[in-house]
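Please read them alongside the coordinates.

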Amino acid sequence: MKESHGTKKLIERMAKDSKLPKSIMKEVMACFVDAVKAEIEEGYSVRINGLCTIQIHDRKAFKRYVPTLNAEVDLPAQKVLKFKQLKSLKESVSKLNEND
């Protein structure tokens, strides 16, 4: 697997592909992240076409064995983020598997 790329690399790629300055792409990325956060905080799911759906999922309470404590621990119910990849992203990853 190749190294992980962060926001800086994505901004550079977007600026290069769109032929817009990095400073504008940096603002666009910040606005995008803020908008996604706001929608999630308001309880909405966010679908990013060609990439994923992000939504809040209610996880039930459950027990988990913790070896360092040598005991089962009760974990409370909580809200967690659920990331579901869309078909086009799945297909892109499948093509990578075919090339190996």
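Leaving aside its neighbours within four places in sequence, which residues is threonine 53 in contact with?

1. Basis. This is a predicted model, in which local features need pLDDT of at least 70, side-chain atom pairs count only at pLDDT 80 or more, and totals for chains, interfaces and linings use all residues. Residues are numbered from 1 along each chain as its sequence is written, and side-chain values use heavy atoms, with hydrogens and water left out.

2. Threonine 53. Beyond four places in sequence, threonine 53 touches Ser45, Val46, Arg47, Lys82, Phe83, Lys84 and Leu86 (contact means heavy atoms within 4.5 Å). The residue belongs to strand β2, residues 52–59. Helices (H or I, at least four residues) and strands (E, at least two) are DSSP runs, numbered from the N terminus. Threonine 53 counts as buried because its relative accessibility is 13%; buried means under 20% relative accessible area, exposed over 50%, and partly exposed in between (1.4 Å probe, protein chains only).

3. Helix lengths. Helix α1 (residues 7–18) has 12 residues and spans 16 Å from first C-alpha to last, close to the 16 Å expected at 1.5 Å a residue. For α2, with 20 residues, the reach is 28 Å, close to the expected 28 Å. The expected span is 1.5 Å times one less than the number of residues.

4. Sides of α2. Met25, Met29, Val36 and Ile40 are buried in α2. They lie on the same side of α2, because they cover an arc of only 45° around the axis (the arc is that of the directions from the helix axis to the C-beta atoms). The buried residues of α2 pack against α1, β1 (46–48), β2 and β5 (78–85). On the face turned away from that buried side are the exposed residues Glu27, Cys31 and Glu41.

5. Valine 28. This residue is in helix α2, residues 22–41. Valine 28 counts as partly exposed because its relative accessibility is 40%.

6. Positive phi. Most residues other than glycine have a negative phi. Lysine 19, not a glycine, has a positive phi of about 60°; its place is the loop between α1 and α2, and lysine 19 is exposed, at 75% relative accessible area. Asparagine 70, also not a glycine, has a positive phi of about 55°. Asparagine 70 sits in the loop between β3 (62–66) and β4 (71–75) and counts as exposed at 59% relative accessibility.
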